[in-house]
Amino acid sequence: MQRHAPLRPLWICTADALPWPCGRARLDLVAEYAGERVIAVDLAELFREAMADLTRICPEPPDPIGTYQRFLGWVKTTPRA
């Protein structure tokens, strides 16, 4: 089974080519962090890195709200383990 990791600087999933974090990556992250709130801190750093990468490589800057939702918006709705 291939790991659902980000392919940088595109920030797509290496396993399914969906925008990372894809659904499976989110499930894996929740399991890895076991409900700890530190997941949001780590994802906030990845959000920052993704915004920088995507701004640098894309002709149009990424939508900050959409990118926030992609990286962090789902975390608060995830049940704690």
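Arg8 is partly exposed, with a relative accessible area of 42% (buried is under 20%, exposed over 50%, and partly exposed in between, with a 1.4 Å probe and protein chains only). The model is predicted, so local features require pLDDT of at least 70 and side-chain atom pairs pLDDT 80 or more, while totals for chains, interfaces and linings use all residues. Residues are numbered from 1 along each chain as its sequence is written, and side-chain values use heavy atoms, with hydrogens and water left out.

Arg8 forms a salt bridge with Asp53, and the closest N and O atoms are 3.6 Å apart (a salt bridge places a side-chain nitrogen of Lys or Arg within 4 Å of a carboxyl oxygen of Asp or Glu). Arg8 sits in the loop between β1 and β2 and Asp53 in helix α2, so the pair ties together parts that are 45 residues apart in sequence. Helices (H or I, at least four residues) and strands (E, at least two) are DSSP runs, numbered from the N terminus. Asp53 is buried, at a relative accessible area of 11%.

Glu49 also forms a salt bridge with Arg8, with 2.7 Å between the closest N and O atoms. This pair links distant parts of the chain, 41 residues apart: Glu49 belongs to helix α2, Arg8 to the loop between β1 and β2. Glu49 counts as buried, at 19% relative accessibility.

A further salt bridge joins Glu45 and Arg48, whose closest N and O atoms are 2.7 Å apart. Both residues lie in helix α2, three residues apart, about one turn of the helix. Glu45 is partly exposed at 34% relative accessibility. Arg48 is partly exposed at 47%. Salt bridges with shared partners join Arg8, Glu49, Asp53 and Arg56 into one network. The whole structure holds five salt bridges.

The peptide bond from Arg8 to Pro9 is cis, with omega near 10 degrees. Pro9 lies in this loop. Trp11 is buried, at 0% relative accessibility. Leu10 lies in the loop between β1 (6-7) and β2 (12-13). Leu10 is partly exposed, with a relative accessible area of 45%. Leu7, Leu10 and Ile57 make a nonpolar surface patch of about 240 Å². Patches take residues with over 30% relative accessible area and no salt bridge, joining like charges within 9 Å and nonpolar side chains (Val, Leu, Ile, Met, Phe, Trp, Tyr) within 5 Å. Accessible areas come from the Shrake-Rupley method with a 1.4 Å probe; for residues, only the protein chains shown count as cover.

The loop between β2 and α1 contains Ala17. Phi of Ala17 is near 65 degrees, a positive value in a residue other than glycine. Ala17 is exposed, with a relative accessible area of 52%. Pro21 is found in the loop between β2 and α1. A cis peptide bond joins Trp20 and Pro21, with omega about 5 degrees.

The largest pocket is lined by 13 residues; Arg3, His4, Trp20, Leu29 and Glu32 lie nearest its centre. A pocket is an open set of points on a 1 Å grid over the protein atoms alone, where a 1.4 Å probe fits, with protein on both sides within 12 Å along at least five of seven lines; lining residues have an atom within 4 Å of a point. α1 (23-33) and α2 (38-57) each supply at least two residues of the lining. α1 gives the most, with five residues.
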